[in-house]
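I had the model open this afternoon and went through it piece by piece. Here are my notes, in the order I looked things up.

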Amino acid sequence: MRHNRTAAIAALVVSVTTGLPLVGVAHADTLDLYVDKAAATCSDNAVAGSKATPFCTVSAAAAVAQAGQTVHIAPGFYAGDVHLTRSGTPGAPITFEGPDQRPNYLTPYADLSGVHGLTLDGVHDVAVRHLVTKGTEGAVVVTGSSKITLDDVSVAQDGGDKGTHPGVLITGASSDVTLSHSQLSYTTGDAVAVAQGVTGAVITTNLVNRAQGDGISVKGATGTVITGNTVNHSNGPAVEISGAASATTVENNVFAEQDADGGGGATPVGLAVAADSTAGTKADYNVVSTQQPSPYKWGSTLYANAEDFQKASGQGAHDLAAPAKTLLGNTEGSVLIDSADPSAPGEQDTDLLGLARVHDPLVKGTGTHDRGATEFQAPALHLRLAVTPQPDISHPLDALVEFTANSAWSTDTKVSVDFGDKSTVVTGAVSPLTHAFPKAGSYTVTATGTDSLGQTAKQTQVVTITGPAPVHPMLKVTQDSTDLRHVRADTTGTTSPWPVATTTFDYGDGTPATTQDTHTYAKSGQYMVLTTVTDTQGRQGSFGQVVTITDQFVPMRPTRVLDTRAGSGLPGSGAPVSGGQVLKLQVAGVAGLPEAGKVSAVLLNLTATRPTAGSFVTAFPSGSVRPTVSSLNFTAGQTVANAVVVPVGPDGKVSLYNFNGSVDLVADIAGYYGLQVPTVGAGNFIGSVTPTRVLDTRATHGPLGGGDTIKVKVRGGAGLLPDVARAVVLNLTATQPTQGGYVTAAPDGNPPSSSSLNFAANQTIANQVTVPIDADGTVTLYNHNGSVHLIADIQAFYSAPVSATGPLQTVTPTRLLDTRVNHSTLGAGGTVRVKVTGVAGVSEHATGVLVNLTATNPTAAGFLTAYAAGSPRPLTSILNFAPGQTVPNLAFVPVSSDGYIEVYNHSGNTDVLVDIQGYEN
């Protein structure tokens, strides 16, 4: 059993903390011996015992110790009985000591354990200090020995049921044995037993806790002194004197019995003196528990209180009684404080914990000794500190310092305050006080209190001095829903301790700062709007917000602006575009578009017809370097169309480049991007949707004949576009045509003289079309000639700014994928992931991209689908192709959270090209 030394009297049992550094006692005497079983150099041979080579066992040291020597025992558990058989001389005792753990018992201890942890047999002038001892048949036995001191020896029983044995047994004609400042716990018999024949034993200032027998038993001994002990809950009397013991003194003790029955049917008492031992016994200044029915037994009679005991015995004139809970550790007001007889035999100058005797100034008189084993010490000095900034207009760096210092025994407590700013420390400070710090910052304020007893206490607090709260401007810039060039700056929410004097705005476009909260930008771009607020004290604060001015998209009825075929009457008429030739097409200022400089891009439906060789066309802004991408791919003799978004050059034109052979080109404008736009129908914010099929005449209608139209509902119903949609982006597919022809998509039933999708007989082909939506939520599809089945899938929509939409940003067309160069051909059922964000000018935060998707070199008829990577593949197609065809199509595709789109090939093998043209955040 590992023993825990007791220290806290309120609980009477405190665990010893091990593992902390040992604080040794310095000795100049070179004759000192050392025991340390944990030392790697320890030895029990004849030359051991020094600090460098300590003994491994206490017994080895005891066998050679000489008078005047001290044996220093290092912390550890030393198993086996230790017999002390060597003696010192008067004035030069042999001393055995472990580390002194008092008063807090924080250092590790030295533990002796065995049948008897420690036995002193026939020795004299021996002192044992600061040890823990345990024994299966008693922890300490002193027999036939004299002039023995046992000081600060913690005693406990060890092992299983070994019978009833005292914790400390003094026997065998021993004399002048003192047991002091010790703690005895859970012994199987009496805690202390002084046997017949012993003379002059002193049992003083000890704590006994839960002995199975008596607390302190004296049987037949002479001149025993029992002074200043505290006995808590013994199964027998706290102190029992019997066996014709004589000249026994019992003073200043505390008998803290709490139970009415201590076990075994016996009624515990505080003091029990047998009839054969009353002569010569002196008992006074003891304290008993009011919870003991009969705290005294004198002779054979039990007494219920001190008054009856005094009358019957003439003893206990100064005895007191108090509730048991007030006897287990002194508290202010306890009857134990300063009430002991300081001249009692065996009374010590220090208490159980080694603390000095002190006078409680709250107790009348001049006494300094408390009854029992512990001395009530001065209550700690309590100091509290609070530092609170107190800025105002006149004193912006002030703080209020408040403190309290309480010391129950002090007649005068002084407090000094160090403000942590290198200013003079204020001594004798009076709370509260105000301090002005030199500047804003963090400071550690320290208050130190000292009372008249010399006790000190310190408190610190870190305080942050900011002065008055700063000017805190707020800014929210909003754009006009009908003209995104026009913004309003709102500074609602700006805070300042003092009124705001002026607010200015810098709109970030080079115009002078102004106090106007509205502004109109001249061109698209990204601008930092900065507001500066000045309060009446001249303090300023600024706050900025980035605003993006984007061109609005205006969808329009398809309008033809180019036809190079002879007799068209349009620009380029009769002049096919040769291989390597660039045709410049004027778009600004025509077909209702704004003039040059006010239109940034156009949405064209570009058609190639009558090509003499396989080739491609690239559309790009006039005056810029031609990008290495294709906008429209075709084979010899093929008529094919594709939608393309083309930035407009400074001269208001777009350039169309033909790679090979000659080809006639037809261009229809379906919309444009600009800052100055009509209010009705404009909406630059694009919203992507999961591709949704809204028409398949193969299932619901039958083929459209020549001249037939069909209205397609795209807005205002379940699964359709929201009411805010102004234009719809459709992937339009023609299949099973009976002859070559075209289809036109328009907002109403009046088809324009332009084409949206061209096809040949029996060809399946798709094209992206962007169409304004009619008031009834429909668009109209018109078939020019023959019969054809039509399929329409919604890809996206344009609207004014609403939730889940963002502005479409056009970029210089850039090729992101060409499987002919940087990836293997896509097989049937194959997919390829394409990174689209953070490349080619596309934002890292793009949620949808506008790409030109091209299939080339297909080995079988099939189709491609594009969608956000990692999401379920939609049951729609982007473009359809036949074996050997090169087919492009413009598509608006949602982007995955990690910035990818995925392209799927349905059947056969085909190469795939992906060119980026724009994106939506």
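Where does Asp338 lie? I found Asp338 in the loop between β28 (320-322) and β29 (382-389). Strand and helix labels here are DSSP runs numbered from the N terminus, with helices being H or I of at least four residues and strands E of at least two.

Before going on, I noted that this is a predicted model, where local features need pLDDT of at least 70, side-chain atom pairs count only at pLDDT 80 or more, and totals for chains, interfaces and linings use all residues. Residues are numbered from 1 along each chain as its sequence is written, and side-chain values use heavy atoms, with hydrogens and water left out.

I stopped at Asp338 for its phi, which is positive at about 55° although the residue is not a glycine. I also looked up its cover: Asp338 has a relative accessible area of 10%, so it is buried. Buried means under 20% relative accessible area, exposed over 50%, and partly exposed in between, with a 1.4 Å probe and protein chains only.

Asp152 is another non-glycine with a positive phi of about 55°. I located Asp152 in strand β10 (residues 146-157). Its relative accessibility is 1%, so Asp152 goes down as buried.

Then I checked cis peptide bonds. One joins Arg102 and Pro103, with omega about 0°, and Pro103 sits in the loop between β5 (94-97) and β6 (110-114). Another cis bond runs from Ser431 to Pro432, with omega near -5°. I placed Pro432 in the loop between β31 (414-418) and β32 (433-436).

**Sheet with β31**

Three strands make an open, antiparallel sheet in the order β31-β33-β34; strands pair if DSSP finds at least two bridges between them. At the edges are β31 and β34 (456-465), each pairing on one side only. The average twist is 15° from one strand to the next, taken between lines fitted to C-alpha atoms (for helices over the stretch in contact), with angles from 0 to 180 degrees between N-to-C directions. I counted 5 bridges between β31 and strand β33 (residues 441-450). Val415 is opposite Gly449 in β33.

**A covered strand**

How many residues of strand β57 (residues 789-799) are buried? I got 11 of 11. β57 pairs with strand β52 (residues 727-735) in the antiparallel sense over 9 bridges. For Ala734, I noted Leu790 in β57 as the bridge partner.

**Nonpolar patch**

On the surface I marked a nonpolar patch of Met528, Leu530 and Val546, with about 240 Å² of accessible area together. Val546 belongs to strand β40 (residues 540-549). At 45% relative accessibility, Val546 is partly exposed.

**Disulfide**

How many disulfides are there? The count is 1, taking a disulfide as a pair of cysteine sulfur atoms within 2.5 Å. Cys42 and Cys56 form it, with their sulfur atoms 2.1 Å apart. The torsion about their S-S bond is about 95°, so I wrote the disulfide down as right-handed. Cys42 and Cys56 both lie in the loop between β1 (33-35) and α1 (58-62), so the pair ties together parts that are 14 residues apart in sequence.

Definitions and conventions: Patch = residues over 30% accessible without salt bridge, like charges linked within 9 Å, V, L, I, M, F, W, Y side chains within 5 Å. Areas by Shrake-Rupley, 256 points an atom, 1.4 Å probe, with all protein chains shown as cover. Salt bridge = Lys/Arg side-chain N within 4 Å of Asp/Glu carboxyl O.
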